[in-house]
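Visitor: Shall we go through this structure together? Please begin with the terms.

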Amino acid sequence: MLRPVFVFKVLILSLAINFVFILYLLLRNGNQKLFINRNDDYYDNNHLNSLRDFNPILTNIKVIPMPLFVQTEHSKFVLSDNFRFVANEKPSNYLELALMRYSKYMSTLTKLSIKVDLTSSSTAENTLTIDCTSQNCKNDKYPELGEDESYTLNVTKTGSYLSAITLTGIIRGLSTFVQLIERDKSSDTSFIPCVHIVDRPRFAWRGLLLDMSRHWMPVAVIERTLNAMEMSKMNVLHMHLSDDQGFRVESLVYPLLHDRKDYYSQKDIKHLVKYAEERRIRLIPEFDVPGHTTSWFVGYPDLATVSGQYQVDTRWGMLKATMDPTKESTFKFLDRFLQEMTQLFPDPYFHIGGDEVEGSQWAQSPSIQKYIQEHNLRDKNGLQAYFNRRVQTMLKKNNKIMIGWEEILDEIGEHSGIDKKAIIQSWKSRRSLTFTINNGYRGLLSTGYYLDHLSSSTFHYRNDPIYNDELWLFSKEQRSHILGGEACLWSEYVSQDTVDSRLWPRLFVIAERFWSSSSLNETTSVYERMFRMNHLLDNMQIGVTHLSLYKTRLENLLLDQSKKRDLLHPFMILADVCEPGGFEPRAQSQKYSALVPLTTFIDALQAESELIWKLETSPIDNNVLHDMFKKWSLNHIRLQALFTDPEISKSKQIWGQDIEQLSKNLAHVGRIGISVLNYGSKRILHHDKNHTMNTWPLMTWIQHHIQLLDQLENQVLEVRLAAVRPVRRLLNSMKIFI
């Protein structure tokens, strides 16, 4: 029986350990400070909490985001059947659901029986005891911006203890606890290292924008995205619900607004709000106005600057169709619409878009130009500022605070009139965030976090809402105005079948940048933890499919049923060392629209190759590399049956990219790799002793092959041949001989 007196003693002991540990850190690190439960300033963490001797990277903990403080012991807690989650007091409905959710994750991961004990009758052994006795944990309510998300986690040899003062803190701690689980293959057991963790986030706003307008994202996609976001400690899902290519929410007031087929009913939205709320994630809608509004005009053409019939666009870009801000009927329409939508979404923040207003229709309209002059609005920016003021007034009437893209501040001064409570989302440059803060507004950074551009995780990780070296440039109040940031996944080239691979696992790296100290910048560690978490997501079966369906999607590109079995393995060898080229190559091809299926070779690929990362960062092993390069050099021969098929033209249409050339290039890279290794072991530049290449200066030979690799890497449009990188690494290492 878990007696109250025993529980009280355990809690007192835990508090005493925390106090001694923190006091030790303070004494050891001079004037550095530790903040756990204070939420008035999220930015002292940048410099006050970067403790060199207790840097979590130096531990064996592989969680992501990395906690604020970690102290490990040289022991472990071995999990066994009937492990239990125990709550000190009767949990709220949301806490009970969370415990059931995480017990299922643990059971799936460990193959053990994991229980939830709501009666507090278990012994302390083989348990995780949850301590959240504040009123916050007893009442289920919508999460708030800036709420306390801190927690303390102690794992001992006999049991574990998780404490927080909010439900959100408990759920953040549960995600850490599950990530700590490791497998001992020799004994076939699961264990958790004994550890003491004190954690809290660096930024209050850690968001993801998901575009469901360009390509439709069903409810199931949003659910599994929220599941993974919970594990990453992200706390805002920004839903981009309208654009030129689609309007995705049912309106009962204006039923001609939403798409006839692919849309969220109001019942769907209420379900998703609750689903996110249970995971302590806020749901924020965006209805982009006054530009990006073609879909509005399909059913309600009177809103448009230029009258006529409209159809939903299937191409993207900065289109001309724009609302007319000079018509009072436009604002009457928006007033009723916003009244309906603000009731549907409970979050106090509401995004109005405001980006990329093309402006030519306003410039060419005599009536609009006359209106600008009569109202002393000066130009396009002044007219949009007027529009923004009117919309902000409507939102205030409905108890909402406006968010907009950085363009809503293009008009600053007396003509702007944007309330200082508004939040500005910077997407073009970091300078915009500085401009926002200097003008007294609160800001979010999205520059550097565009996942659809398919940049490397290193690129995202090195981008920061505010760097340590910039702290001195801002006052404490200004720093408090930097709320955090949002990663963005625009869906021009992302579908419901590819969204998981475009989000995960790279979003974990951005999640760490928003949660953890900016002093954490070691990319090898973050990649290791990112890829580990990628497999953990798959093993926990939370719903994401990018790993579990990877093989199937490649198999679907092989049309000849009789040859699939022989061709699939070499086809996967090719795919494993390739990466999608990103936004620009696809845009430049001009062959894509909303009507073109995203089922090509690059759509099946992972955003970053785990195999190549390992080859790039592992200690150089000649035997391992030689075997790999030899496999690559021969792989094109194994794929020959694919390229000599009589139906090759049909296959090329399905592939979308030049797979045959890509295969040849991989073989070439393999041969270059073998040549480089031969120089290391035999000091020869070419296997044929009579070849003139053997007379070349070494630097000439190195530069020649580096140039070849550069060409091979991007020769096939839309695909990046990542296999060149470990070979390039070897060539660069040879420069020590020059």
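Guide: Surface patches are made of residues with over 30% relative accessible area and no salt bridge, with like charges joined within 9 Å and nonpolar side chains (Val, Leu, Ile, Met, Phe, Trp, Tyr) within 5 Å. A salt bridge is a side-chain nitrogen of Lys or Arg within 4 Å of a carboxyl oxygen of Asp or Glu. Areas follow the Shrake-Rupley method with a 1.4 Å probe, and for residues only the protein chains shown count as cover. This is a predicted model, in which local features need pLDDT of at least 70 and side-chain atom pairs count only at pLDDT 80 or more, while totals for chains, interfaces and linings use all residues. Residues are numbered from 1 along each chain as its sequence is written, and side-chain values use heavy atoms, without hydrogens and water.

Visitor: Which residues make the nonpolar surface patch?

Guide: M699, I736, F737 and I738 make this patch of about 420 Å².

Visitor: Is I738 buried or exposed?

Guide: I738 counts as exposed, at 55% relative accessibility (buried is under 20%, exposed over 50%, partly exposed in between; 1.4 Å probe, protein chains only).

Visitor: Changing topic, how many aromatic pairs are there?

Guide: The whole structure holds 35; ring centres of Phe, Tyr and Trp (its six-membered ring) must lie within 6.5 Å, with planes under 30 degrees apart counted as stacked, over 60 as edge-to-face and the rest as tilted. F287 and F350 form a stacked pair, because their centres are 5.9 Å apart and their planes at 25°.

Visitor: Are F287 and F350 buried or exposed?

Guide: Both F287 and F350 are buried.
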